[in-house]
Structure formats: structure tokens, C-alpha cells
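Here are my notes for you, written to be read with the model open on your screen. Take them one at a time and look up each spot as you go.

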Number of protein chains: 2
Amino acid sequence: MLNFIFCIHNHQPVGNFDHVLEDAYSRAYEPFLKKISKFPSIKLTLHTSGFLLDWLCEKQPAYIDLLAKMVDSKQVEILGGGFYEPVLAVIPEADRVGQIQMMSERVDELFGVRPRGLWLAERVWDPTLPKSLKDAGVEYVIVDDYHFIRSGLKKEELGGYYISEDQGSTIKVFPGSERLRYLIPFAPVDAFVDHINSLEGNLKGRAAIFADDGEKLGVWPGTDKWVYGEGWFESFLEKIESFGDTLKSVTFSEYIDSEEPLGRVYLPTTSYMEMGEWSLPAHVSKEYGELRDAIKGFEEGEKVLSFLQGGTWRNFFSKYPEANWMHKRMLKVSKEIGEASKSSSKYIIKEAKKHLYMAQSNDAYWHGVFGGLYLPHLRTAVFENLLKAETLLEKNPLNLVSTSLEDFDCDGFDEVIIKANDINLFFSPRMGGALMAIEAPVMGLNLTNVISRWFEGYHMKLKEAETGLTEDTTKSIHDRVVTKEEGLVNYLNFDSQRRASLVDHFLRQDESFDSFIRSTHGELTNLQETPYEQKLNPNGLTLKGQGRVMGSAFEIVKDVTITGEASFSASYSLSLADVSSLESSVCNFGVEFNLMLPCCDGPACYLELNTEVGVKYGLGERAEHENVKKIMLYDTFTGVKVTIKTSVGVGLWRFPIETVSLSEAGFERNYQGTSFLFFLPIEIRPSSKLDLRFDFVIEKI
Amino acid sequence: MLNFIFCIHNHQPVGNFDHVLEDAYSRAYEPFLKKISKFPSIKLTLHTSGFLLDWLCEKQPAYIDLLAKMVDSKQVEILGGGFYEPVLAVIPEADRVGQIQMMSERVDELFGVRPRGLWLAERVWDPTLPKSLKDAGVEYVIVDDYHFIRSGLKKEELGGYYISEDQGSTIKVFPGSERLRYLIPFAPVDAFVDHINSLEGNLKGRAAIFADDGEKLGVWPGTDKWVYGEGWFESFLEKIESFGDTLKSVTFSEYIDSEEPLGRVYLPTTSYMEMGEWSLPAHVSKEYGELRDAIKGFEEGEKVLSFLQGGTWRNFFSKYPEANWMHKRMLKVSKEIGEASKSSSKYIIKEAKKHLYMAQSNDAYWHGVFGGLYLPHLRTAVFENLLKAETLLEKNPLNLVSTSLEDFDCDGFDEVIIKANDINLFFSPRMGGALMAIEAPVMGLNLTNVISRWFEGYHMKLKEAETGLTEDTTKSIHDRVVTKEEGLVNYLNFDSQRRASLVDHFLRQDESFDSFIRSTHGELTNLQETPYEQKLNPNGLTLKGQGRVMGSAFEIVKDVTITGEASFSASYSLSLADVSSLESSVCNFGVEFNLMLPCCDGPACYLELNTEVGVKYGLGERAEHENVKKIMLYDTFTGVKVTIKTSVGVGLWRFPIETVSLSEAGFERNYQGTSFLFFLPIEIRPSSKLDLRFDFVIEKI
């Protein structure tokens with residue numbers, strides 16, 4: 001006799017589009033639940049993450065109603081989790097407990113029973129989890145069999161649960177089967193049956209455990225047709241029924257209540273195997289993926305694989321500085337809520353926590369084969385919620401400016417943070433005094449929510465496929481490269497730095513716009529890698545950079561001042577001295593902004609130049625202009641206008657930052673913001689000077 | 001120009017013998033420091049763990065004096081650490097901070113400067129360390145390059161420090177070079193020179209970082225002759241001097257003060273590569289070791305190795321139940337101190353913490369190629385300190401008995417803990433109601449400090465070598481099997497259970513003593529795997545086990561009662577019923593004790609039987625006796641006497657538990673306690689009964 005545990009996890013990230021949820025509902029969540037409800041003897045353990053759960057309650061009450069009936073009849077056990085599906089390992093301990101309890105209370109309210117188990121987001125294990133989970137009232141948790149194998153256990157020992165522990169707090173841990181993850185629903189039902197039969201008598205604990213994403217049953221390309229249209233799911237359920245007494249369908253809790261633990265276990269910092277590949281630095285990730293595939297062909301390949309480990313989830317913070325920035329911004333808000341909870345009202349704290357928790361939704365912080373970090377609307381949701389939380393807490397009626405110095409992003413160098421009620425500016429003196437973030441907190445807006453065009457290990461595949469270099473007709477459907485549009489290879493431009501604002505450049509006068517777009521241009525001196533000195537003022541700061549350009553010593557002084565509501569100015573004063581060359585020459589001094597509006601390059605967004613009001617330019621266009629004195633960016637959907645005025649007429653290069661990344665439906669291109677380079681010439685001669693002032697204003701429209 | 005960072009870690013475990021410290025001092029610590037003091041331009045970063053530091057202060061003040069001078073002259077930087085060298089990852093957060101601060105204060109007191117850096121015991125990394133270290137005032141920490149490689153970094157990126165982070169707390173992390181660990185001091189100095197030359201221009205950060213155990217320079221077999229006698233160390237130091245400006249000798253802090261971090265990094269739960277092998281379950285450990293060696297020969301072997309990961313340090317708690325038991329006992333005492341700190345005096349708490357910290361010294365909790373867990377005196381020191389700490393806290397003037405039920409050892413089943421002022425008993429109802437620990441807290445004594453004879457991956461090598469099966473004359477010195485005595489293969493007996501007391505057995509009457517010693521005998525029914533019911537009484541508990549033996553139903557009731565100071569009784573009542581066989585037969589019912597005295601089987605320990613006072617038997621002997629009514633165990637060195645009286649004359653088998661394990665000087669045999677099986681026959685017939693009572697008394701002599 002074997003047990004079969006069937007566990008489904010349905011999830012939608014905070015900030016996802018309504019039409020995406022509707023689509024997933026009609027293609028997966030609804031047909032799945034309706035179908036399985038017709039097989040009352042088949043037990044289901046179900047997890048629904050908070051953003052989706054709220055949506056279902058509001059938009060699909062009949063679904064919740066059916067689910068509640070199935071819970072009442074004991075067909076379904078509801079799993080808990082962190083409410084908005086955070087990676088628990090990287091959020092503060094108090095938030096871990098808070099998010100889990102929020103979900104437990106909601107489940108209790110909806111279904112009349114508190115969850116005993118927890119769905120661990122992305123199965124990212126951390127050795128300290130047993131304590132946090134115990135503190136939050138969780139009895140058991142599900143990870144992958146891979147976690148256990150990485151601790152030296154064998155597959156045949158993984159048909160039940162083990163006890164794990166931290167600081168004396170224990171938790172029951174179930175291993176979900178990787179083999180079943182690949183069989184359900186992608187293989188014919190007979191393959192599942194063969195696998196179940198092969199386990200009989202060979203599995204300690206006697207439970208075949210399947211736990212995976214519900215989107216694989218309907219949302220993944222082609223699966224709706226296969227799973228429901230062609231009847232895979234129905235015959236799967238019928239087959240389970242037909243096993244009769246030899247395959248007992250149980251929930252996790254039913255299993256626990258009748259079976260003892262199989263032992264004690266300590267798990268490493270790991271997730272499922274694929275995550276190990278994704279979290280490595282791009283070049284190494286590629287190497288790892290290729291090596292893993294090669295090892296499968298080795299004589300002792302299976303053994304070697306059981307000891308193979310890629311990166312860990314936290315690596316995403318060193319891989320993507322933008323993910324790190326969001327994470328540290330989140331930690332800052334979490335800390336502020338902790339401090340405010342002594343003085344603020346319970347209601348305010350509860351609301352602020354809700355927004356903080358929403359901002360902890362994991363998807364925006366990483367990237368594997370789905371969009372994740374590369375989806376601007378997910379990042380937008382993170383910043384919006386963080387700023388809403390912070391705005392709820394902050395009391396600064398006189399709109400005083402505060403400036404502080406701290407290593408905000410944990411890179412070993414201090415940032416300068418300037419805060420007023422309606423604008424926050426984050427500067428990195430170490431990175432050429434660049435402006436890393438411009439936030440309009442009351443509008444819930446981070447205007448610098450841009451991501452650089454980073455190299456990804458999988459880009460090579462795209463290049464090879466599109467250039468036909470390694471076209472191999474024997475490749476199976478899984479290996480074939482699918483793209484959402486033609487010619488994506490032309491968008492493979494790579495940056496080596498984070499895209500910030502007030503980034504200074506010395507460029508040759510004949511530098512080409514195209515090279516600048518492709519980041520293949522030459523910097524006469526790399527100002528973004530030059531440390532600037534900073535001096536804090538009551539209303540801003542002064543940054544000073546020094547070095548040599550074209551044989552001349554230079555000094556750049558940029559004075560940043562908060563000038564009013566949601567506005568600041570940056571006054572540049574550039575002077576040359578100690579010129580070694582006798583011949584005078586000229587170069588361009590440029591100041592770069594990278595900006596992002598919530599509606600991206602959609603139809604609600606456009607740009608106006610100088611006094612040409614009514615002449616709308618698209619934010620996704622590339623163009624060169626002369627004698628620019630003002631640009632105005634509009635997002636008419638969210639009602640935001642951003643104006644940048646210059647003190648003198650300058651040249652302007654503008655172009656969209658576009659990334660090419662993997663999604664479940666293949667390679668896709670995403671607009672990530674617009675880059676603006678304002679520039680003007682400076683003569684390289686003794687006592688040469690240049691003054692330039694930017695006035696930056698954010699308004700509600 | 002390269003930097004060279006030379007870091008030495010000197011360590012002795014709490015509880016180690018004085019003569020071992022003296023030997024290490026004269027062979028390594030003293031000649032090392034004296035020699036390097038003659039080369040004032042060569043900077044040293046030195047760590048000395050607390051037990052050794054205290055010993056040096058007391059026994060070798062001249063060493064401390066010389067060291068202080070070298071600190072004053074800036075030749076030496078002193079590293080901090082957890083005072084008694086705990087594995088920080090597995091001790092409570094408060095103790096992490098407490099141990100580190102204790103060391104920082106001591107270093108400040110001795111050398112007038114607080115340490116900025118920390119030596120991480122066994123380089124066991126945990127993702128939560130940055131926060132604990134920051135809280136304890138630590139600025140930097142040293143791990144292996146392996147940690148960084150496991151995060152996807154390349155060796156050539158590891159010539160400096162990175163920033164790591166947890167919950168916003170940052171710490172600087174240096175990677176120590178594995179290559180240098182193998183070169184120093186084992187290769188000729190020229191090989192070191194070649195390596196340094198090969199790094200020039202190829203190393204981000206430009207620091208060659210060596211950090212390793214000082215015992216490798218003098219204590220490891222043969223190294224004293226090589227390092228000092230044959231002048232390796234002197235020529236090593238001369239060579240460094242001779243590099244002049246091309247190799248700048250610096251301490252970690254000097255490096256930090258002049259160089260920027262190389263980036264941000266997140267490290268997985270890992271240690272040095274070898275630890276990954278040791279911490280895996282024995283069979284898997286063997287597999288892993290063999291595979292790793294095979295991979296070295298692969299075409300892309302180096303690449304595969306960079307992704308290979310064995311077990312993590314916490315695995316030792318699932319590998320060795322005795323290590324787990326010590327760890328959970330330690331956590332319990334730590335928790336008790338935390339609770340008592342509100343009500344007890346500062347002095348008491350400080351003393352209790354000191355003993356707790358001593359008990360956290362890592363060596364006794366694990367096993368690699370040194371004795372560690374297999375060294376009884378290290379385990380004795382753990383229990384002695386834990387009991388001293390607990391005794392300091394406990395106030396129970398009426399010597400009342402308390403009984404409680406908790407999953408003490410975190411295996412998913414409750415234990416029963418009976419506590420009085422002068423005796424603590426720990427029972428496991430799930431494991432046949434066995435008595436897992438007998439503690440005499442006032443004497444600082446755990447009489448059940450026994451370890452089972454577990455199979456180790458390396459045992460096969462011993463077997464192959466001694467039986468000559470794979471004798472290979474081409475093997476290098478490193479592969480050759482070295483044993484401290486002949487015939488160790490005969491001691492390779494393996495247990496499948498933890499060795500406890502009040503362990504019940506049904507044995508055939510013709511079962512052989514030899515099979516029982518070897519654990520190859522047959523249990524008529526496995527009582528240690530039978531769950532017993534427990535009922536707590538005010539003065540003890542009743543345990544009840546049921547099952548079938550030789551066709552008959554049986555019920556075993558054991559009544560355990562605290563009978564006075566440091567004494568208890570166990571009354572057995574065994575009854576049979578429902579006998580299916582018509583022919584009457586007989587089997588033996590046996591009760592096993594496994595006991596350990598602090599002096600082990602040394603000359604201070606002996607045994608007396610019945611009334612034969614003055615007839616001394618050795619605890620390391622094996623023997624059979626008839627009609628035994630009393631045994632008395634003496635440890636005349638620590639002044640302890642243990643008496644076990646039986647209510648009727650019984651048979652007795654006694655034999656030493658001896659393990660065979662690796663030490664730095666080869667395979668060795670260790671006495672781990674004595675097993676006593678008291679038995680008497682029972683007839684298998686309806687209404688057959690057997691009553692047997694044990695009186696167990698611990699006394700000071």
C-alpha cells in the first residue's frame with residue numbers, strides 16, 4: 001500500500017495585471033477545482049497565495065464557495081504561507097511571522113480552519129526557518145526531494161516527513177518528488193502509473209508526494225488543451241481512483257496523523273535544482289547548466305548530480321543590483337515600521353505592514369525562466385507599496401529636509417539620503433556621485449525604477465539560434481528557442497553599470513549616438529567609477545569629483561538642493577586646470593538621466609520638448625535634439641508630469657532601455673525606461689569653465 | 001605588487017589534556033612565535049582560542065609577553081572569535097554575541113586593543129552570521145575561497161574582501177586560499193614562490209591570503225622536524241622578506257584600511273570542502289569522497305568540482321545522535337540561563353554562562369579526521385560544564401522531584417525528564433522506554449556518556465588495508481593507512497542503535513555472548529524499537545511495553561522511582577498471556593545498561609561484584625558471570641561510586657564498547673564505556689511472570 005499526496009500551489013504576484021489573473025483563472029484554477037470536486041475520494045492539499053486569494057474572493061466568490069465546501073467535506077486541506085508569498089529567508093523574522101499569521105487568520109476566516117502546513121515560496125530553505133515557522137504556529141512545510149538529497153539522503157528514503165530543527169524549535173518537513181513534478185502533467189498518465197508501481201515496496205514512509213505550481217495545469221503554453229481539452233486530468237484522476245486500496249489518497253495532515261517521522265534532517269541553503277542555475281552569475285550560470293547536462297551522460301552521472309549545487313537564492317542580490325536595491329529599500333521600511341510601532345496607532349501600523357508585505361512578494365526580486373525582475377509592473381508595485389507604507393508612518397508637517405549618510409545598499413560605501421515629505425533622493429558618492437533613486441513618496445512613485453541590460457547565460461542561445469550558428473534540426477521542442485518577436489538579437493546590448501541619474505560623462509565630440517545606445521562607446525574618463533567627495537547641507541548636498549581628462553585636470557562640483565515640493569535642482573560647475581597639451585581641443589560633457597514612468601512606454605505616456613506643447617514624442621523612441629532647454633514627461637494614466645529644465649540650451653540623446661529576457665512563452669523584449677543624455681561642449685584649455693543647472697520637478701496632473 | 005596576508009589560528013578544545021597542550025606549545029606555538037618575531041617586517045594576524053589562551057596566560061606568561069610586544073610594534077594583529085571556539089551557526093544568537101564579546105574583552109585586557117576581525121570556527125558559514133557578528137562588534141571575518149566559489153566566483157576574483165549582509169547588517173568577508181593551505185608548510189618554499197609569482201597581475205584585489213591552523217606548523221606528525229628542524233619556516237620567512245616591494249606583508253586590518261571591497265557576496269551554508277565529505281551520512285560520505293577523487297581525473301574535472309557540495313555542518317546532528325543529544329542538552333541550559341537572568345545575581349549568571357560557553361567548544365560535537373566526538377574526555381567536559389552551569393542556577397532546597405514531557409532531542413517524539421537536585425533521568429518512551437541519560441548534576445557527571453560504534457566511510461579502507469585486499473604498492477604516503485595498533489580490524493563492530501540504559505531484550509537461551517558483543521545477535525522481538533506507553537508519577541514514571549515473543553503476548557511494566565539522593569529504582573514486571581504454542585519453551589529476558597565513568601577504563605577505574613569486596617575487575621574487560629546480585633563501579637580519580645543491585649541473582653554479560661576512528665596520527669581504538677546485560681530466563685507458558693528490580697545508587701567516595 002502506498003499513500004499519494006497531491007498538493008497544488010496557485011500563485012499570482014502582487015502587481016500582476018487583472019487580465020492575467022482572469023486568464024489563469026479560466027484556463028487553470030477554475031477547471032482544475034471543478035474537475036477534482038467531481039472526484040470526492042481524491043484528496044487535495046491546496047495553497048493559494050494572498051494576492052490571488054483576495055482577487056478570488058472579490059471576483060470569483062463561487063470558487064471560494066466551492067472550495068469551502070470541499071474543505072468542509074475534508075476533500076481539501078488548505079495550506080498556509082507568507083501572505084504575499086515572500087521568500088521567507090530574506091525578510092526580517094518579525095515579517096516572516098507576521099505574513100504567515102496574516103494568512104492563517106485569513107484562511108481561518110474563509111474556511112473555518114487554521115492551516116497546519118506551509119507552502120514555502122520557491123522552496124527557498126534557510127536553516128533558521130524551523131524557529132520562525134514554529135513561532136508562527138506552523139507544524140509542517142514542503143520542500144523538494146533535492147533538498148534532502150543535498151543532505152545525503154537517497155530518493156528511496158523520501159516517502160514521508162522528517163523533523164528539522166533550529167535552536168530547539170522543530171518542524172516537520174516533506175520532500176516533494178522531482179520525478180512527479182516532471183510527470184504531472186507533462187507525461188501520459190500511464191507513465192505516472194508505472195512510476196507509482198515502481199515505488200511499491202521501495203519507499204521508506206510509503207508516500208508518493210507531488211507538490212507543484214497549479215499554473216502548470218492550464219496556464220503554461222499548451223497545457224490547457226492537454227490537461228483539460230484532451231482529458232489528461234480526468235484520466236489522471238480516474239486512474240488514481242482505480243488504484244483502490246493500493247494507492248491511498250491523503251492530505252499532508254492525514255498522513256502526519258497516521259505515520260511517524262522517518263528521522264531527523266538538516267537542510268542546506270538550497271531550493272529546487274533549477275534555482276541553483278538561475279541564481280549564479282550569468283557566465284557561471286551558463287557553465288553550470290552546460291556542465292549539468294553533460295554530467296547526465298556520464299557513467300556515474302546520477303551520483304555526481306546528487307552532489308551538484310549551483311548558487312543560492314540570496315545570490316540574486318549580488319547578481320542584480322536592482323534586486324538588491326529593492327531588497328534593502330524593503331528592509332529599511334520594515335525597520336521603520338518596527339520603530340514606529342511604539343508610537344503610531346495600531347491601525348496605521350497594520351496598514352503599513354500590509355503594504356510592506358505586499359512589497360515583499362518574491363517575483364519582482366529575481367529572475368529564472370519567468371519575467372520576474374524584468375517585468376517593470378512588478379517592480380513598480382514593490383516601490384509603490386513601500387512608499388505607501390513609509391508615507392503612512394512619516395510625520396513631517398513642516399516638510400523639513402533631512403540628509404543622512406548610511407551604507408543603504410550594503411556595498412561597503414555610504415550613500416547620501418535626502419528626504420523631504422514629497423521627494424526622496426539617494427546618491428552614491430562612490431559611483432561618481434550618481435543619483436540612484438528619485439522617489440515621489442506621496443505619489444508612490446520611484447522614477448528611477450530602471451534595470452540595466454545585464455548579460456544572461458541564455459542570451460548565447462538566442463544569438464546562436466538567430467544567427468543560425470548551431471542550428472540543429474534534431475533538437476526537441478524543449479531545446480528549441482522560442483521568441484515572441486523576430487530580430488530580438490538586435491536588442492542584445494549590455495550595460496556594465498547600474499543605470500542611474502545625474503551620471504556624468506566626458507565623451508569625444510565624434511562619439512556616435514548608436515555606440516552610446518549600445519554601451520559600446522568610450523568614456524574619456526569613467527566618471528561613474530570615480531569616487532566623488534560629498535558634503536551634506538541643510539537642503540541638499542555638494543558632490544565633488546576630480547581627475548584628468550584629455551591631459552587636463554578637472555574638477556566637477558554638483559550642488560543638489562531641494563527647491564520646493566517634489567523638486568530639486570542640480571547645479572554643475574566644471575573647471576579645467578593644469579592642461580598639459582598645447583593644442584586646444586574640445587570634448588562633450590554629458591549628464592545622463594534614466595527615468596521610468598509607471599505606464600512605461602504605453603500610449604498614456606509621452607514626452608514634450610522645449611516650448612513645443614502638444615508635440616508628443618514616444619518614450620520608446622530614439623532621437624537626437626539640439627538646443628534643448630526643457631523636457632516634460634507625462635504619464636496621463638497615473639497623472640504624473642516630470643519636468644527637467646536646463647539653464648542653457650544643450651544637446652539631447654534619448655533612447656529606450658530595452659532588455660531581452662526569458663518568459664514562460666519564450667524570449668521577450670521589455671521596455672525598462674528611457675535614457676536621456678544632456679550634453680554640451682567644453683574646450684580643453686587652461687581655466688576653461690562650464691556651468692549647467694538642471695531643475696527637476698515632479699507634479700500631479 | 002601583491003599583498004600577502006599571513007593568518008594563523010591556534011586552538012585547543014575545552015577538556016583537552018594538559019600534556020597535549022604542553023606538547024603543542026613546545027612543538028608549534030612557541031617555536032613559531034619566537035621565529036617570526038625575528039622577522040619584524042613580516043606581519044601576522046593571529047587567533048588563539050579561549051581555552052588555549054587561558055592556559056598560555058597561566059602556564060606560559062613569557063609567550064603572552066612576547067606576543068604583546070609584537071602587537072605593540074604592529075607586527076601582529078590579534079583576531080577575535082567565539083571565546084571557546086563554538087560553531088557559531090548552531091548556538092543561540094545571544095551566546096554568539098556573548099562568546100565573541102568575552103573574547104574581545106579578554107584580548108583588550110591582554111593586548112590593549114579590541115579585535116576588529118573574527119576567526120570563524122571551522123569556517124562554518126551561516127547566512128545569518130552577518131547580523132550576529134555586527135551585533136557583536138565584528139568588522140570582518142575569514143572563510144575559505146571554497147565558500148566564494150560555491151557562490152559562483154572565480155579564484156582570480158578572490159584577492160581581497162567582499163561585503164556580505166543579513167537583514168541589512170554588513171560584514172567584510174575574506175577568502176583564505178585553499179592552494180596556500182596545501183602549500184604551507186607542506187611544499188618546498190619554492191613552490192610557494194612560484195605560486196605567488198603566478199598570481200601577479202591575475203588577481204583582483206591583489207592579496208594572497210593564507211589562513212590556517214597553527215598546529216600544522218609543528219603538531220601534525222612530522223611537521224616539527226620539517227618546519228623548524230630542517231628550516232622550512234626560516235627560509236619561508238626569508239623568502240617573503242626577499243620579495244621586497246613586490247610582496248607587501250600586511251595584516252587584514254591594514255589591507256582593509258587601504259583597499260576597497262571587491263563587491264557584494266552571499267555565501268551558502270558551507271565550510272571548507274573536506275567538511276562536506278565528513279558531515280554526510282557514512283555510506284554517502286564514502287561515495288562522495290571516491291567520486292570527488294574520480295572527478296579530478298575528468299576532462300572538465302576542475303569545473304565540476306567548483307559546483308560540488310557535500311553535506312553541511314549541521315548534518316552531524318543527524319549523523320551522530322550523541323552529538324545531537326549534547327547539542328540539545330546545551331540548548332536547554334542556554335535557555336535556562338536566559339530565563340534565570342531575570343532573577344539570578346549577575347555573578348551567578350556570568351559563571352553559568354562561562355560554563356555554558358565552555359560546553360559549546362566545537363570539537364566534541366563532530367568528527368572528521370581528528371578524534372572529536374570519539375574522544376570521551378571532550379564529551380565529558382561538555383557534560384561537566386553543562387551540569388555545572390545548570391547546578392549554579394537551580395534552587396530546589398527540598399529536593400523535590402519534577403517530571404516533564406518534551407521532545408528534548410527533537411526527533412518528533414516526547415522524552416520524559418525526571419529531575420531532582422542530585423539526579424536527572426531522561427527516558428525515551430518511543431525507544432522501548434529506554435533510559436537515555438543518567439546525570440548526577442552536583443558531581444557534574446553524565447554516566448551515560450557513551451557513543452555507539454557507528455559505521456564510518458573510512459572503515460572500508462582499514463578493512464581493505466588489513467586484509468590486504470587492495471594492497472597497492474604504488475600508493476603515496478598520503479593514501480597509506482596508518483594505525484596506532486595492530487589488528488584494529490577486529491574491533492570493527494557496528495551498532496544500529498544508540499547505546500542507552502534500561503534497554504530491554506528478549507534473547508534466545510543459546511544466544512552467544514560474542515554475537516551480542518558484536519551486535520550481530522538476534523532480538524526475538526526488537527524492544528528498543530517498540531514504543532512504550534508512559535505515565536508520569538510524582539516520584540517517577542511507569543513505562544509499559546506490549547508485543548509478542550515466541551508466539552506469546554507479553555506485557556512489560558517498568559516502574560521507575562527516585563528513591564533518595566542520586567538514586568533510583570526500576571521495578572520490572574513481565575507477564576505473558578495468549579500463548580499460541582503448546583510446547584513450553586524458555587528465553588532470556590535481559591536489561592542492558594551502558595555506562596561511562598569520567599576516567600574511562602584507566603587504572604583509577606574498576607568494578608567489584610556481589611560481596612567480593614577487594615576483587616577488582618577492569619572496565620575494559622569482557623566477562624560472563626552467574627548469580628550476580630550487585631555490581632559496584634569505582635572511579636577513584638574523580639571519587640565516584642555507582643552501585644546496581646538486583647532483587648534476584650541474575651546472569652551478567654559485560655564488555656567494553658570500543659570504537660575505531662581516525663585521528664591525525666592514524667586509526668585508533670577508543671574505549672567508550674562498558675555494556676552490562678543483566679538477564680534471567682522466563683518460561684514461555686500461559687501466566688508466566690517475572691519480577692526484577694534494580695536499585696541504582698551514585699555516591700561520592
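The points below go from the whole of one chain down to single residues.

1. **Ground rules.** This is a predicted model, where local features need pLDDT of at least 70 and side-chain atom pairs count only at pLDDT 80 or more, while totals for chains, interfaces and linings use all residues. Residues are numbered from 1 along each chain as its sequence is written, chains are lettered from A and ligands numbered from 1 in the order in which they are written, and side-chain values use heavy atoms, with hydrogens and water left out.

2. **Overall size of chain A.** How does the radius of gyration of chain A fit with a compact globule? A compact globule of 701 residues would come out near 27 Å, and chain A has 28 Å, so the two agree.

3. **What chain A is built from.** You'll find 20 helices and 25 strands in chain A. Both are DSSP runs numbered from the N terminus: helices are H or I with at least four residues, strands are E with at least two. Chain A is also divided into domain 1 (2-271) and domain 2 (396-453 + 490-700), with bounds that come from an automatic or database domain assignment. The C-alpha centres of these two domains of chain A lie 47 Å apart.

4. Buried residues make up 62% of the 701 residues in chain A. Buried means under 20% relative accessible area, exposed means over 50%, and partly exposed is in between (1.4 Å probe, protein chains only). Chain A exposes about 26000 Å², and carbon and sulfur atoms supply 51% of that; the areas come from the Shrake-Rupley method with a 1.4 Å probe, and for residues only the protein chains shown count as cover.

5. **Contacts along chain A.** Take the contacts in chain A with a separation of 6 or more: residues 24 or more positions apart account for 73% of them. Contact here means heavy atoms within 4.5 Å.

6. **Helix 2 of chain A.** Which residues of helix 2 (residues 50-59) of chain A are buried? They are G50(A), L52(A), L53(A), W55(A) and L56(A). Their cover includes strand 1 (2-10), helix 1 (18-37), strand 2 (44-48), helix 3 (61-72) and helix 4 (93-111) of chain A.

7. **Two cis bonds.** Most residues other than glycine have a negative phi, and most peptide bonds are trans. Have a look, then, at the peptide bond joining I184(A) and P185(A), which is cis with omega about 0 degrees. P185(A) sits in the loop between helix 7 (178-183) and helix 8 (189-199) of chain A. In chain B, the bond from I184(B) to P185(B) is cis too, with omega near 0 degrees.

8. **Two positive phi values.** M550(A) is not a glycine, yet its phi is positive, near 45 degrees. Look for M550(A) in the loop between strand 17 (540-549) and strand 18 (552-564) of chain A. In chain B, S519(B) has a positive phi of about 60 degrees, and this residue isn't a glycine either. S519(B) belongs to the loop between helix 20 (513-518) and strand 16 (533-537) of chain B. Because its relative accessibility is 27%, S519(B) counts as partly exposed.

9. G152(A) is in the loop between helix 6 (145-149) and strand 6 (162-166) of chain A. Is G152(A) buried or exposed? With a relative accessible area of 4%, G152(A) is buried. Leaving aside neighbours within four places in sequence, G152(A) is in contact with L280(B), P281(B) and V284(B).

10. L393(B) lies in helix 18 (residues 376-393) of chain B and counts as buried because its relative accessibility is 10%. Beyond neighbours within four places in sequence, the contacts of L393(B) include E336(B), I337(B) and A340(B). Y491(B) is in the loop between helix 19 (459-467) and strand 15 (503-508) of chain B, and its 26% relative accessibility makes Y491(B) partly exposed. Setting aside neighbours within four places in sequence, Y491(B) touches E658(B), V660(B) and R669(B).

Note on methods. Rg over C-alpha atoms; globule rule 2.2 N^0.38 Å.
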